[in-house]
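Trainee: Could you take me through one part of this model closely? I would like to look at the site around the ligand, and then at what lies elsewhere in the chain.

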Amino acid sequence: MPEGRIVKALSGFYYVADEGRIYSCRARGLFKKKDAKVNPLVGDWVVYDAINEEEGYIMEVGERTNELVRPPVSNVDQAVLVFSMYKPMFSPLLLDKFLTHTERAGIDSVIVLSKADQVSEEEVTEIVEKYEAIGYRVIPTSTADERGVEDVLEVLRDRISVFAGQSGVGKSSLINMLFPGVSLQTGDVSQKLGRGKHTTRHVELIPLAGGGYVADTPGFSSLEFIDFSELDLAESFRDFADRSSECKFRGCLHVSEPACAVQAALEAGEISKQRYEHYKQFREELKEYQRRNKPW
Ligand SMILES: Nc1nc2c(ncn2[C@@H]2O[C@H](COP(=O)(O)OP(=O)(O)O)[C@@H](O)[C@H]2O)c(=O)[nH]1
Ligand SMILES: [Mg+2]
Ligand SMILES: [Zn+2]
């Protein structure tokens, strides 16, 4: 039986893309996966049974590499984190926070520095070098001179991407510059209207001319440390995780443990003091979240 990818889900139909065709499929109830029951999600690879050239049934849902709740989409290859250099000002704290969430979700990140035309070259370079040293791709862009277009198109190619970033950073402008005629839903607006938070948002994967898909709804709108343990948080800092195997204690949280490779790297100036400060701040937020949400 053929395999395809769910690119849209609406009113009980799953739209499966396969070799340039879209089949509107029904699912035969829920699928058993080990002991839990799973519903098909946009992004899923599925085995389907076509009854004609337009319709079919989903027979099987493939293993997922990851799964987001808002928007409900699976198998995301990367988050494109859009951060503007100006209005709103670049916030390393917020970027580090987004990165903890993408790492926790098991999704790679590409950092786009938008509105690069508004600041000096030095300011841009400093951020590029800092985050590339940790292992993230960083692309400065500007709609004023179409800077970065080729680089962003290249990283989007053949992958499933979800855009993320505060309201006003230039997500819609960027999408318009990259793909004239394609629109990104304003998740921002529906949240202001009080929707979006509790309802399952509709999401659609938009196929890109060069191959790959972009989710039409921005992701990572909630940045609370839900579903994080203290160790999860430590592991969500790539620069720490790279060194933690050299810490004396397994499960080291890099705070006051002896023979900690992360604290040593911090002393040696190999880990950014600012990143470490953010880590400690997020630990407090995480503990506060856990206190507020105790089940007793
Ligand atoms: N100077 C400059 N302004 C930009 C750039 N990208 C977006 N903007 C402006 O920033 C504002 C917010 O952009 P928008 O795309 O709506 O942001 P979104 O809320 O993230 O979708 C708009 O006024 C845009 O014109 C850029 O590269 N350079
Ligand atoms: Mg927008
Ligand atoms: Zn350690």
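Mentor: What follows starts at the ligand and then turns to the pocket, an aromatic pair and some backbone details. Keep in mind that this is a predicted model.

Start with the residues around ligand 1. There are 14 of them. T143, G168, K171, S172 and S173 come nearest. Now sort the shell by class. Nine residues are polar, four are charged and one is nonpolar. Which element gives the most to this shell? Helix 4 does, with three residues. Helix 4 covers residues 171-178.

Next, look at single atom pairs. Begin with T143, one of the nearest residues. A backbone N or O atom of T143 lies 2.7 Å from an oxygen atom of ligand 1. For D117, the side chain takes part instead: one of its polar atoms is 2.8 Å from a nitrogen atom of ligand 1. K115 also uses its side chain. An N or O atom there is 2.9 Å from an oxygen atom of ligand 1. How much of ligand 1 does the protein bury? Taken alone, ligand 1 exposes 580 Å². The protein buries 66% of that area.

Now turn to empty space. A probe the size of a water molecule, rolled over the atoms, shows where such space is left. The largest pocket has a volume of about 490 Å³. It is lined by 15 residues. Closest to the pocket centre are L68, V69, H101, A105 and I226. Two elements, strand 8 (67-68) and helix 1 (92-104), each supply at least two lining residues. By class, the lining has six nonpolar, five charged and four polar residues.

The structure holds 11 aromatic pairs. Take F83 and F98. Their rings sit 5.6 Å apart, centre to centre. The angle between the planes is 90°, and the pair is edge-to-face. Where do these two residues sit? F83 is in strand 10 (residues 78-84), and F98 is in helix 1. They are 15 residues apart, and the pair links distant parts of the chain.

Finish with the backbone. Follow the chain on from strand 8. The loop between strand 8 and strand 9 (73-74) holds P71. The peptide bond from R70 to P71 is cis, with omega near -5°. Then comes N75, in the loop between strand 9 and strand 10. Phi of N75 is near 55°. That is a positive value in a residue other than glycine.

Terms used:
Residues numbered from 1 in each chain as written. Chains lettered and ligands numbered in written order. Predicted model: local features only at pLDDT ≥ 70, side-chain atom pairs only at ≥ 80, totals over all residues. Heavy atoms only, no water. 1 Å grid on protein atoms, 1.4 Å probe; cavity = no way out; pocket = protein on both sides within 12 Å on 5 of 7 lines; lining within 4 Å. Points joined across faces, edges and corners; volume = space filled by probe spheres on them. Helix = DSSP H or I, 4+ residues; strand = E, 2+ residues; numbered from the N terminus. Nonpolar A, V, L, I, M, F, W, Y, C, P; charged D, E, K, R; others polar. Near = heavy atom within 4 Å. Polar contact = N/O pair within 3.5 Å; in protein donor to acceptor, adjacent residues only side chain to side chain. Areas by Shrake-Rupley, 256 points an atom, 1.4 Å probe, with all protein chains shown as cover. Phe/Tyr/Trp six-rings, centres within 6.5 Å; stacked < 30°, edge-to-face > 60°.
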